[in-house]
Amino acid sequence: MKKKANNVHLTYEGRLIIENLLNEGKKITEIGNVLRRDRSGIAKEIIKHRTIVLPSSFNNSNVCLKHEKCNVKSFECYLYCKNIEVSLCPKLTSSPHICNSCTSKKGCRYAKYYYKASNADCEYRNNWKSDRMGLHYTKIEIDILNNDFYYLVLQNKSIYHSLNIINKHGFNFKRSTIYKQIGRGQLKLKRIDLPRKSETNNKKDIDKSYKRNVDGCTYEDYSKVKEEKPDAIEMQMDTVEGIKNNNEPVILTLKIIKIQFLLILKLDRKTNKDVIEALKVFRDKITKEAFNRIMEILLTDNGAEFISIEKFKEEFKEINMFYCHPYASYEKGSIENNHELIRRIIPKGVSFKSYGQKDFNLICSHINSLCREELNGKCPFDLVSEYISLDNLGIHKIKEEDVMLIPKLLGDKNIENIKKYLDSKDIKKSNIRFLTSNEKEKIFGGRKYENE
């Protein structure tokens with residue numbers, strides 16, 4: 001005996017079979033056997049999606065039982081009246097509660113119920129969509145999403161991190177659902193409040209062959225080493241400019257890929273010498289042994305500040321250094337994604353002159369305190385102790401509800417600096433939000449959760 005197909009949505013074909021069998025006068029049990037479904041499910045389907053057909057207004061008759069006493073009296077007013085009451089055929093009180101196979105329906109003056117597959121399927125799909133478009137939250141859940149969650153996202157610009165904090169209080173909000181509801185405009189949080197998605201340009205084919213001699217250090221060599229040493233610790237390295245100028249300071253970024261841990265070092269200039277000196281200082285702070293361990297595989301780009309392989313090998317003999325293809329920054333996409341987090345605090349086009357290493361340490365602390373899906377909800381700080389000591393680096397873990405990835409992190413001086421270099425149009429284009437201290441105080445403002 002075949003298993004019944006319960007808990008499976010009916011298709012249009014299934015509804016068409018129900019209609020045809022009802023027209024033939026089959027009982028609900030027989031229809032259930034044909035479709036291998038429980039008779040109660042078939043009965044519910046018929047009653048839920050049956051269509052009422054009112055008798056005609058022949059001889060100006062009005063089928064509404066309230067017609068004689070009603071103040072609104074017009075021809076066929078019952079067709080649009082919401083308070084209509086009609087006489088139903090006594091046969092409709094018994095199964096299958098429809099008139100599809102009734103032999104006396106032609107001259108019947110009662111209101112009739114019919115089951116039509118096309119109408120039933122259309123009604124089902126409309127209900128299915130509206131059920132999923134609505135907000136099925138309790139009053140406190142809506143309050144949480146439109147207040148605490150809203151201000152958390154404005155502060156840290158991360159849906160995942162914010163939901164991670166909220167759900168620790170006993171809730172179970174799903175990120176995919178939240179994104180859909182934001183897109184439909186059902187929440188206080190709008191698309192404009194989220195980090196803007198980067199626009200992809202249709203670029204022409206570019207020659208991505210190496211222009212310098214990097215034999216043994218190509219991206220292909222890097223891939224081979226990764227295959228040979230799958231457990232090796234991988235680091236990515238890059239520089240970030242504030243303003244394009246040879247005399248402008250830049251920042252050197254380093255990222256331990258496995259734990260998503262980012263390090264930021266300020267350089268006076270974008271030169272090979274400055275990069276080497278900064279790495280030497282960093283090595284002294286974490287010890288040579290730890291430095292060589294986390295730099296077992298180092299991937300960077302073809303920038304002039306990195307390309308002197310001989311100088312790097314002379315100073316850092318234990319490092320296996322590799323280069324991405326020209327114009328292929330996506331090959332080190334992990335560190336590039338972290339640059340976006342830095343730009344949320346100091347946008348592109350703002351000089352780094354007025355920022356010190358302490359400012360970048362603070363940025364680093366907040367970025368590394370952000371919960372990551374790749375780390376199963378943990379933040380990089382939770383795992384970094386296995387790799388390096390942070391004692392001499394001036395960075396520390398931030399409480400998850402205090403993580404801030406907006407200009408306000410560096411105070412009013414940063415906001416003034418941004419306005420100095422960027423006009424209002426550029427600020428709007430960069431999707432920069434200056435969160436006020438008032439808004440900051442609203443986050444978890446002493447609320448006691450019922451779910452806790």
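Colleague: Which helices are included in what covers the buried residues of helix 5?

Modeller: Happy to start there, keeping in mind that this is a predicted model. Helix 5 spans residues 139-146, and its buried residues are I140, E141, I144, L145 and N146. The cover over these buried residues includes helix 6 (148-156), helix 7 (159-167) and helix 8 (175-183).

Colleague: Which residues touch the most other members of the largest nonpolar core?

Modeller: As background, nonpolar side chains in soluble globular proteins tend to be buried together. Take I363: leaving aside residues up to four places away in sequence, I363 touches I264, I342, I345, I346, L409 and L410. Another core lies apart from the largest one and has 21 residues, among them I140, L152, I165 and F173. In the largest core, which has 71 residues, those touching the most other members are L279, I294 and I363.

Colleague: How many disulfides does the count come to?

Modeller: A disulfide is a covalent bond between the sulfur atoms of two cysteines. For a pair to count here, the sulfur atoms must be within 2.5 Å. The closest cysteine sulfur to that of C102 is in C99, and at 6.0 Å this is too far for a bond. By this rule, the number of disulfides is 0.

Colleague: Is C364 buried or exposed?

Modeller: The cut-off for buried is under 20% relative accessible area. C102, with 22%, is partly exposed. C364 has 2% relative accessibility, so C364 counts as buried.

Colleague: Which helices hold R15 and E45?

Modeller: Side chains of opposite charge can pair when their charged atoms come close. The side chains of R15 and E45 form a salt bridge, at 2.9 Å from N to O. This pair ties together parts that are 30 residues apart in sequence, because R15 lies in helix 1 (residues 12-23) and E45 in helix 3 (residues 39-49).

Colleague: How many residues apart in sequence are the parts tied together by E400 and K168?

Modeller: The side chains of E400 and K168 meet in a salt bridge, 2.8 Å from N to O. E400 sits in the loop between helix 14 (357-367) and helix 15 (412-421), while K168 sits in the loop between helix 7 and helix 8. The parts that this pair ties together are therefore apart in sequence by 232 residues.

How values were computed: Residues numbered from 1 in each chain as written. Predicted model: local features only at pLDDT ≥ 70, side-chain atom pairs only at ≥ 80, totals over all residues. Heavy atoms only, no water. Buried < 20%, exposed > 50% of the residue type's maximum accessible area, 1.4 Å probe, protein only. Helix = DSSP H or I, 4+ residues; strand = E, 2+ residues; numbered from the N terminus. Contact = heavy atoms within 4.5 Å. Core = buried A, V, L, I, M, F, W, Y, C linked by side-chain atoms within 4.5 Å. Salt bridge = Lys/Arg side-chain N within 4 Å of Asp/Glu carboxyl O.
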